[in-house]
Amino acid sequence: MLKAGVLGAGHLGKIHLRLLNQSDKYKLVGFYDADAENGKKVEAEFGYKFFDTIEALIDAVDMVDIVTPTLSHYECAKQAIAKGKHIFIEKPITNTVEEAEHIRELLAEHNIRGQVGHVERFNPAFIAVKNDIKSPMFIETHRLAEFNPRGTDVPVVLDLMIHDIDIILSVVKSKVKTISASGVSVISDTPDIANARLEFENGCVANLTASRISLKNMRKARFFQKDAYISVDFLEKKCEVVKMKDAPENPGDFDMILQNAEGIKKQIYFDNPEIKNNNAILDELEAFADAINNNTTPVVTLHDGTEALRVATMIIDQF
């Protein structure tokens, strides 16, 4: 079992503490929070050991789970890496691309592991269909959330859209060629609604919409590729795969057949992949433990986190 410590005991930090505490791959040593009053309160309520200093916590563990505000990710990661500790770092990886690239360099120098908390990679609906997503040429995502004051210190692109940016970059094996985007500030100092269009070198186009002032929550992605349409509902944890194949010589009464102007017939059929219920945050943390113990590449590398931040920053620069 890896000795784990958490930096940051806010809303998400408390979830990480609980899951690390119940995992059989980690031994939760304790946590540090810059707000000592909050730290002592969490210690009293849940029984997790509160460390007075960040240095004391880092010294006591093998893996540091960074769940602090984004602005402090870089300094926290530097301190942990300097002492040879593996780091799990919440998204977005850091505040700037330059900080992210420096952390990657430090990680390589110290020969330790790092993973970024892009949790939708572990969403069971996405896991069920990701092997069906092959060379998509058009992608559309909608990530809408009801207003929550938490997170409004950063643009909606870094708060919400970055989830979909990471998912898209993980399935489109091509470089981003051009980006066009617009964002509107409605209630915050930074954009609350944003739309971006990514064009890739291989011709794929992705259209992303994110809002944090919606009347309802929605987290959906649709992938269009040759002979297939795939939809993923990250919120409801549902997916749908619609495929086309050459029509049989003698179709059955209930077969869905389409015929184009040239007379070519195609059969439409539905594939319903099995979705296995999981706790995505627990799975991402335990997948990182496996990467450390087996000396393998983490599912979401610091390179992945850096590229998602790079694209997000390019989108924000368009506003």
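Tutor: Gladly. Keep in mind that this is a predicted model.

Student: Is Asp164 buried or exposed?

Tutor: Buried means under 20% relative accessible area. Asp164 has 2% relative accessibility, so Asp164 counts as buried.

Student: Which residues is Asp164 in contact with, leaving aside its neighbours within four places in sequence?

Tutor: Contact means heavy atoms within 4.5 Å. By that test, Asp164 touches Thr141, Arg143, Leu208 and Phe234.

Student: In which helix is Asp164 found?

Tutor: Asp164 belongs to helix H7, residues 156-171.

Student: Which strands does H7 lie across?

Tutor: H7 lies across S6 (138-144), S7, S8 (193-200), S9 (205-211) and S10 (218-225). Its direction makes about 155 degrees with S9.

Student: Now the sheet. What is the order of its strands?

Tutor: The order is S7-S8-S9-S6-S10-S11-S12-S14-S13. These nine strands form an open sheet with mixed pairing.

Student: Which strands stand at the edges?

Tutor: Look for a strand with a single partner. S7 (176-184) and S13 (256-259) each have a single partner strand, so one side of each has no neighbour in the sheet. On average, neighbouring strands of this sheet are turned by 15 degrees against each other, direction ignored.

Student: How many bridges join S13 and S14?

Tutor: Four bridges, in the antiparallel sense. S14 covers residues 265-271.

Student: Which strands does helix H9 touch?

Tutor: H9 (residues 302-316) packs on the sheet and touches S7 and S8. The direction of H9 makes about 55 degrees with that of S7.

Note on methods
Residues numbered from 1 in each chain as written. Predicted model: local features only at pLDDT ≥ 70, side-chain atom pairs only at ≥ 80, totals over all residues. Heavy atoms only, no water. Helix = DSSP H or I, 4+ residues; strand = E, 2+ residues; numbered from the N terminus. Buried < 20%, exposed > 50% of the residue type's maximum accessible area, 1.4 Å probe, protein only. Pairing = 2+ DSSP bridges. Axes fitted to C-alpha atoms, helices over the stretch in contact; angles between N-to-C directions.
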